Amino acid sequence: MCDIDHFKSVNDTYGHDAGDTVLRNVAAILQEGTRTGSDCAFRFGGEEMILILNCEPEKAYEIAERLRASVESSVHTVMADGQEKNISVTISMGVYQMSPEIEMTPDNARAVFDAEFKCADELVYNAKETGRNKVVTTADIMDKVIAQREKLSLIHISEPTRLQLIS
């Protein structure tokens, strides 16, 4: 799950048309960063968007970090007061592996999804409360990310990425 940081200030400063442009542009970045036929990216409401990634959780974390950086480095051209303005935004993201404790059935699918989704939502709020413009995840997923990076560092040296651990 992700949420555009300080989005209200975009609308308040540049107007709702500019906000709509930013929403469309960020949605396009997220959509382009997912695999057609395997993943799904959609707007959940307001400035919140959801990515459903069909992959291992450590891969989902890496995808989220790449998309976060892509949004951060993008410039959005909007119209405000009759003039073009270039603005940038950042996003806060939470990566959570859905693993319901009960079997999902047609009768309980919504309740199970809502309970699992709440966990991702809490991670996004944690990202916002601890500085924004970051990807946060659970300790078990972060352990897998770190193990994967350690394995890769034996093969080649890569640039470090900011990691945020939620315990």
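Modeller: A residue is called buried when its relative accessible area is under 20%, exposed when that area is over 50%, and partly exposed in between, using a 1.4 Å probe and protein chains only. The model is predicted, so that local features need a pLDDT of at least 70 and side-chain atom pairs count only at pLDDT 80 or more, while totals for chains, interfaces and linings use all residues. Residues are numbered from 1 along each chain as its sequence is written, and side-chain values use heavy atoms, with hydrogens and water left out.

Rings of Phe, Tyr and Trp (for Trp, the six-membered ring) pair if their centres lie within 6.5 Å, and planes under 30 degrees apart count as stacked, over 60 as edge-to-face and the rest as tilted. When the whole structure is searched in this way, two aromatic pairs are found. One of them joins Phe44 to Phe117, with a distance of 4.7 Å from centre to centre and an angle of 45 degrees between the planes, and this pair is tilted. Its two partners come from distant parts of the chain, 73 residues apart, since Phe44 lies in strand 2 whereas Phe117 lies in helix 4, residues 109-129. Helices (H or I, at least four residues) and strands (E, at least two) are DSSP runs, numbered from the N terminus.

The two partners also fall into separate classes of accessibility: Phe44 has a relative accessibility of 41% and therefore counts as partly exposed, whereas Phe117, with a relative accessible area of 13%, is buried. Phe117 also pairs with Phe113, and because the centres of these two rings are 5.8 Å apart and their planes meet at 15 degrees, the pair is stacked. Phe113 and Phe117 are four residues apart in helix 4, so about one helical turn separates them. Phe113 has a relative accessibility of 25%, and therefore counts as partly exposed. Taken together, the ring pairs link Phe44, Phe113 and Phe117 into a cluster.

Two strands are said to pair if DSSP finds at least two bridges between them. Strand 2, which covers residues 40-45, pairs with strand 3, residues 48-52, over five bridges and in the antiparallel sense.

His6 has a phi near 55 degrees, which is a positive value in a residue other than glycine, and His6 is located in the loop that runs between strand 1 (2-4) and helix 1 (7-14). Asp81 likewise has a positive phi near 55 degrees and is a residue other than glycine. The loop that holds Asp81 lies between strand 4 (76-80) and strand 5 (83-87), and at 78% relative accessibility Asp81 counts as exposed. Strand 5 itself contains Lys85, which has a relative accessible area of 29% and is therefore partly exposed. Between Lys85 and Val75, ten residues apart in sequence, the C-alpha to C-alpha distance is 9.7 Å.

Gln97 belongs to the loop between strand 6 and helix 4, and because its relative accessibility is 35%, Gln97 counts as partly exposed.

Finally, the cysteines deserve a careful check, where a disulfide is a pair of cysteine sulfur atoms within 2.5 Å. By this rule the count of disulfides is zero. Cys2 takes part in no disulfide, for the nearest cysteine sulfur belongs to Cys40 and is 12 Å away, and Cys2 counts as buried because its relative accessibility is 2%. For Cys119 the closest cysteine sulfur is that of Cys2, at 17 Å, which is too far for a bond, and at 26% relative accessibility Cys119 counts as partly exposed.
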